[in-house]
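Subject: Handover of a structure, with notes on its sheets and helices

Dear colleague,

I would be glad if you could read the two side by side.

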Amino acid sequence: MRLEKRALIVLLLSSVIANVGVVLAQNATVNVDACPGYNATNVSNIRNGFKADLVLAGKACNVYGKDYERLSLTVTYETDNRIHMKIVDPSNSRYEVPESVFPRPKSWDGNRDSPNINFRYTKSPFGFSITRKSTKEVLFNTTGYPLVFEPQYLRVKTSLPTNANIYGLGEHTNSFRLPSDNTVRTLWNRDAYGVPNSTNLYSDHPVYFEHRTTGTHGVFLLNSNGMDVKLQTVNGGTTLEYNVIGGILDFYFLAGPSPVDVAKQYAAIAGLPAEIPYWGLGLHQCRWGYKDYYEVAQVVANYSAANIPLETMWTDIDYMYERLVFTNDPQYFPLAKMREMVSDLHARGQQYIMMVDPAVGVKPGVSGAYDRGQALGGVWMKNPDGSDFHGLVWPGVTVWPDWFNPKTPTYWENEFRLFFDPATGIDIDGAWIDMNEPASFCMYPCSDPSAEAISQGLPPSRTSPPPASTLSLPIGTSVPSLTSNLLKRDNMYTNVLNPPYAIHHAADNLSARTAFTNVVHSNGLIEYDTHNLYGTMMSSATRDAMAKRRPGLRTFIITRSTFAGAGAKVGKWLGDNLSTWWHYRSSIAGMLNFAALFQVPEVGSDICGFGDNTTETLCARWATLGAFNPFYRNHNADTPIPQEFYRWPTVAQAARNAIDMRYRLLDYFYTAFHQAHLDGTPVLQPLWFQYPKDANTYGIDMQFLFGESILVSPVTQENVTSVSVYFPNDIFYDFKSYAITNGAGATVDLSKIDYTEIPVHIRGGVVLPLRVSSAYTTKQLRKKDFELVVAPDRSGKASGSLYIDDGVSITQAKTYTARYTYSGKQLKVSTKGSFDVGGLKYCTVKVLGVQSAPSSVSLNGHTLASSAIAYNSTSHSVAVNVTQPLTSSFTLKWT
């Protein structure tokens, strides 16, 4: 029977390959724009929308398979700012992103009679447009571009304004504003060392923002299959075209009209960002290649000796025994020493994070994680014949957890409980998950993983002797004080290993260096459909496992691979970059994509670069830029030179200076993160988010806003001490000197920027709550008093807020909130909440942009002594000693 079955499979595959050859031969001569498309019939109203049948309008093109003859269209006005459109096969249940992975919005309050955007359509041939009610603009228009819907090819094409401002469609290292001429954004997650330009990378976020001077709107295609999204300009006309190799068409159209509005509307679909622990905003240090526990501890001690604040120490796969997940090498990273090191870190108010990979080594009797998974009946992804799918990662031959298997969450939670047990294991504070595209080193077709493991030398051997068992940890327990569920579907696919439409995947084959696309999950779904979900599903499982370890506490998890919605549970680092200035520059656009568009705010690059050797000046500049990454981590690979910040005097000073600014601003930034969690307001923003009418800002991705009010303008070239900074038509104040820049919508050249500095400006119109000084750890920082810096706009007004909680709990029993308003030379501070802030106080209020010394200053109606007031004629600022408890509401007025 088995031989007969194999013969039948070979016969069927031969037939399929022959048919695909015919189809591909046809493809070369078919103009897809000339395909017949569909006619809309049987249109009927439903709650808040309508539905219709779409019937093939003529002779089928069959460009990459057989055209569906009949489809079903549903259009729903879910809110006044969101339209949901689905096109499906009514006769067969095609794959769509599972609700368990991407929960849909639960409540609708839209009204098709008064929306802010409208869905218009023509019946014959069917085409549709999205129009903005207030301006009558057409935002999305498929008229003239027929819909194509085949088993493994779905095509939707829209016209755009010439040279449209399109952002998103990541992950990528292209410019933040995508070029509108011959750009292909391919979405198929892969292990992408060096994060090369114009290729598909680790994550899949099929959403874009289009910005015009009249407003911003968003388009989100909820589809996890591989796809090309093409931006083309031909004969002066710009178009955007989706080419998708499976699933359904499931579009959400978002009205805006402001950029921040679109961000919030997308958050309502993808999920509001997770609230992170306060300590997660501190400095993190990691390296792949720390040879043993003593070297890890020595790095911690060296940061202390260099007086550079270090919040969290990380360890890469080096700690594992033969690179097996949920193990530690008993000679190089013995459990007793690891527990002692973590205990010392915790005593110092610091944290510890370790790498966890998804691949489980096939080492029976050696890998407990493998044995326990087998004991549950095998919680791994399967080949089509039901056998375990094998690939190749660091430990050699591996299997991968099947996140769709109902037993897998319990399995994963148990592995975290056992290995990271606070009483008997390594008590980590957060988790770092990698290689979860999923990545495999086995070269396609990977017919013999065991032989390839031998040829690739996996697992790699240690190259140094283990540390002496008598070594004492060099850390100590004190820190320095600073002086400053679905049914199996009939997918109708003919070839999932080599689909008829080939997306522009950077590898040779969709299955290259990853799980094969014909791998089967326990619920019948296949990797062809779900590949792009793997990293996000691992993220969710890891988040749940960490939450079980520490009930009630926020989790801190950083992942490499994500899908839409991942930010609701985890943060993301931008992958294995290189120590080059190009990677330094492109990291800014990468951050903006995730933080401003994709709703993954805890994001950052590997500071100073992961691969290749950094330079002193590059690392110094990156240390300062990194201080304005939401996620701030120095990390590099095992073969380049060491690059911890203390390695060079210039870099050490740059890090001290930048961390001083970051930590003094940390509560301002933490407040921004809290607001993002409440409504999706982005924590990082491109300039055009705040200056949407200024066309000069649309292409800027070498500057950005940290929160809504801190303008960051890094130097971007090697051996240069100047930078051209664009200042919109607004008032700005230098963060350190308070010097005023009256922006005129023009570029200004800043010079003499030391390698230890970064240009930072306060945007007029904000009241900033700053800590009076920095600290070595965030626990120390939370004990520092505050000062208020009032930076009025051109009308003399400013506002701001401060949010404080315990920094770690998921549910807060008590919180503290302050609101600041400044107008007419009067500052009002209003506080509420019962969170215990101890003896913290507002020490000083500084008002910027004051052209002459005030004649009188009063606090709550009482005139202050002249000794409490200091006017600086150079910076045109006045500092007032107020010494008010943080819990007090007060009014400060001057004349």
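In what sense do S13 and S14 pair, and over how many bridges? The two strands pair in the antiparallel sense, over six bridges, where strands count as paired if DSSP finds at least two bridges between them, and where strands (E, at least two residues) and helices (H or I, at least four) are DSSP runs numbered from the N terminus.

Before going further, please note that this is a predicted model, in which local features need pLDDT of at least 70 and side-chain atom pairs count only at pLDDT 80 or more, whereas totals for chains, interfaces and linings use all residues. Residues are numbered from 1 along each chain as its sequence is written, and side-chain values use heavy atoms, with hydrogens and water left out.

S13 and S14 form a hairpin with two residues between them, and Glu 210 stands opposite His 217 in S14. S13 (residues 205–212) also pairs with S10 (residues 165–170), again in the antiparallel sense, over five bridges; here Gly 170 faces His 205 and Asn 165 faces His 211. Eight of the eight residues of S13 are buried, meaning under 20% relative accessible area with a 1.4 Å probe and protein chains only. One side of S13 carries His 205, Val 207, Phe 209 and His 211, and the other Pro 206, Tyr 208, Glu 210 and Arg 212.

These strands belong to an open antiparallel sheet of nine, in the order S1-S2-S3-S4-S17-S14-S13-S10-S11, whose edge strands are S1 (38–46) and S11 (177–178), each pairing on one side only. Helix H2 (residues 259–270) packs on this sheet, touching S4, S13, S14 and S17, and its direction makes about 25 degrees with that of S14; axes are lines fitted to C-alpha atoms, for helices over the stretch in contact, and angles run from 0 to 180 degrees between N-to-C directions.

Elsewhere, the axes of H3 (residues 293–305) and H4 (residues 335–347) come within 10 Å and cross at roughly 15 degrees, and the two helices are therefore roughly parallel to each other, a term that covers angles under 35 degrees. Tyr 293, Val 296, Ala 297 and Val 300 in H3 meet Lys 337, Met 338, Met 341 and Leu 345 in H4, contact meaning heavy atoms within 4.5 Å.

With best wishes

Notes
Angles under 35 degrees count as roughly parallel, over 145 as roughly antiparallel, 65 to 115 as roughly perpendicular and the rest as oblique. Buried means under 20% relative accessible area, exposed over 50%, partly exposed in between (1.4 Å probe, protein chains only).
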